[in-house]
Amino acid sequence: MKPTVVDHIGIAVKSIDDALAFWQSALGVKCTGVEEVEEQKVKTAFLPIGDTEVELLEATSDESPVAKFIEKKGEGIHHLAIRVENLEAALAELKEKGIRLIDETPRYGAGGAKIAFVHPKSTGGILLEISER
């Protein structure tokens, strides 16, 4: 497994509209679109900065992992995502190395990406997303 780039940094927010006001007005970063990912009970907005993106995450349900994260920790950095060329091979390699995975098979993510999460207990406390686009 060889990560090719930091794909994005996911930030949990209570309101995408409020967060976009800061990113767009104060920093001049333009949103490339808002998308709802029903499977994950979240609405996302991507803001490209160079070769990576900031992903704003707003829960669409109180049962969403993002809603639970905000309830427990407040708004802030939710996850770091790295991109790989072959997600299935990356997951197999991590599993072989004894790394604890949240997802052993890829699932659908925003922007048409295939994604999987590595458990924070294996990463020093960081929720790590691995993505393939």
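I started with the largest pocket: 32 residues line it, and Pro65, Phe69, His78, Phe117 and Leu127 lie nearest its centre. My note on terms: on a 1 Å grid over the protein atoms alone, a pocket is an open set of points where a 1.4 Å probe fits, with protein on both sides within 12 Å along at least five of seven lines, and lining residues have an atom within 4 Å of a point.

Before going on, I jotted down that this is a predicted model, where local features need pLDDT of at least 70, side-chain atom pairs count only at pLDDT 80 or more, and totals for chains, interfaces and linings use all residues. Residues are numbered from 1 along each chain as its sequence is written, and side-chain values use heavy atoms, with hydrogens and water left out.

Which element gives the most to the lining? I found α2, with 6 residues. At least two residues each come from β3 (42–49), β4 (52–59), α2 (65–73), β5 (76–83) and β7 (114–118). Helices (H or I, at least four residues) and strands (E, at least two) are DSSP runs, numbered from the N terminus.

Next I looked at the whole chain. I got 3 helices and 8 strands, in the order β-α-β-β-β-α-β-α-β-β-β from the N terminus on. Its C-alpha trace spans about 45 × 30 × 25 Å along the principal axes.

Last entry: how much of the chain is buried? I noted 41% of the 133 residues, where buried means under 20% relative accessible area (1.4 Å probe, protein chains only).

Notes
Buried < 20%, exposed > 50% of the residue type's maximum accessible area, 1.4 Å probe, protein only.
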